[in-house]
Amino acid sequence: HNLESLLSLAAANNPTLRQARLHINAELNRAVQAGLYPNPTVAVIGEQIGLDGTAGEWVGAEIEQTFVTGGKLKLSRNKYLQRAKVAEHKAMAQQFRVCNDIRVHFYRTLAALEMLSLKQELLKTAEDHMLTAREMYNLGQINQASLQQEAAALQMHRLKVMRAKNHVRRSMLELCSLAGSEMTDIHIDGMLRSDQPLIDFDIALNNLMECSPELLAANAKLREDSITVNRERVEWIPNLQVSAGPGYNNVDRQTTVAARIGIEVPLFDRNQGTIEQARADYTRQMHEIRRLRLDLQKRLAGEYDNYISAVQHVTEFESVILPAKRKAYELALTSYKRNRSEWPDVLAIQEAYTNARLKFVQHQESQRTSEVLINGFLLHGGLATPEGPVPGGHIDAVPKPR
């Protein structure tokens, strides 16, 4: 699998993406429900039933309908349509979380494979150390204590290789889980080295403040809260209750019609408490946007610090440190062949060179991780439950959606 195939696999199988899309579907259906007109009520009426042995003085049917005033249904529908837009931005954020995690774990797996290979090289060097130590012990050049030290060092390297293999397995399993796959062992094909241009902090910050799905969702929620305030302001406007229907008057033996118009008088309850609660939600969301912008700036500062430090280390290791270590090893090997250096010294320089390559891989992994997060709006958590469109504490519980 290469990176693109894993991203495609995640798009099709990661359950959090489906959950996020279902949030959108739920809000769109709430919009439909919130805008539906109330059902009429049909009743059969009999007055003074049993009077003089009749079925009633007046018997008839009546239909009652509530006429909604103040544009309540339109405002309610617009509120939930706007909430669906919040859910869309949150679904986009979840998509970034999944894709970012796939990329990060892909590069971590590549790094784990490279580090396993290098630790196996170190194990081979340790085995050469042990072989040399035995020969020197047999020649009386070192004592038993030094031989035991080499044996312990060899076993430590074996444990490091075992741990590296375990880490590769874990990385593979995490990558498969994020892709929504039941596989436990895959072959991945890719390059750990980054070929992307250097990220500029100011450009990254500007892009984050303009395009972050978290901020877009927060701004969309603010527009929803504004609609909610307007909706609650008209809630107190009384709806009309109109009923009418034909009937038969058994006393006068005539067909008549009954009609009634009712209206609730908003004498005490004008929805004033809920209006203030909606205004509080709106104000709180304004502060939430401000908080989120500051938090994004803080998170970017930390991640950019990791990124630029990793880039600096990768550059120096690639251009200066590794060539110098490699040259030192080549010179020591040449010197040994000319009988000017001892073999243990050559092995020590070889081990130092391999350890430097290990650190180089670690810095490459760190660069790639920070690079993905900065370009992906700092989002991660590809298997975390997607957030719904309504933050905790906001109005959401009413008998009928409004």
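What follows is a short chat about the predicted model shown above.

Me: What is the average pLDDT of the protein?
Reply: The average pLDDT (the predictor's confidence in each residue, from 0 to 100) is 93, and 97% of the residues score at least 70. This is a predicted model, so local features need pLDDT of at least 70 and side-chain atom pairs count only at pLDDT 80 or more, while totals for chains, interfaces and linings use all residues. Residues are numbered from 1 along each chain as its sequence is written, and side-chain values use heavy atoms, with hydrogens and water left out.

Me: Which element has the lowest mean pLDDT?
Reply: Strand 1 (residues 41–47), at 88; helix 5 (residues 201–211) has the highest, at 98.

Me: How many helices and strands are there?
Reply: Eight helices and four strands. Helices (H or I, at least four residues) and strands (E, at least two) are DSSP runs, numbered from the N terminus. From that end the order is α-α-β-β-α-α-α-α-β-β-α-α.

Me: Compact or spread out?
Reply: The protein is more spread out than a compact globule, because its radius of gyration is 37 Å, well over the 21 Å that the globule rule gives for 402 residues. The radius is taken over C-alpha atoms, and the rule is 2.2 Å times the number of residues to the power 0.38. The C-alpha atoms fill a box of roughly 135 × 45 × 35 Å along the principal axes.

Me: Switching to Q65. Buried or exposed?
Reply: Q65 counts as buried, at 17% relative accessibility. Buried means under 20% relative accessible area, exposed over 50%, partly exposed in between (1.4 Å probe, protein chains only). Q65 is found in strand 2 (residues 58–67).

Me: What does its side chain lie 3.1 Å from?
Reply: A polar atom of the Q65 side chain lies 3.1 Å from the backbone oxygen of P38. Beyond four places in sequence, the contacts of Q65 (heavy atoms within 4.5 Å) include Y37, N39 and L240.

Me: How many aromatic pairs?
Reply: Six. Rings of Phe, Tyr and Trp (its six-membered ring) pair if their centres lie within 6.5 Å; planes under 30 degrees apart count as stacked, over 60 as edge-to-face and the rest as tilted. F106 and Y107 form an edge-to-face pair, 5.6 Å centre to centre with 70° between the planes.

Me: And how are Y304 and Y307 arranged?
Reply: Their ring centres are 5.7 Å apart and the planes are at 50°, so the pair is tilted. Y304 and Y307 are three residues apart in helix 7 (residues 272–337), about one helical turn. Together with F201 they form one aromatic cluster.

Key:
A polar contact is a pair of N or O atoms within 3.5 Å; within protein, one must be able to donate a hydrogen and the other to accept it, and residues adjacent in sequence count only if both atoms are side-chain atoms.
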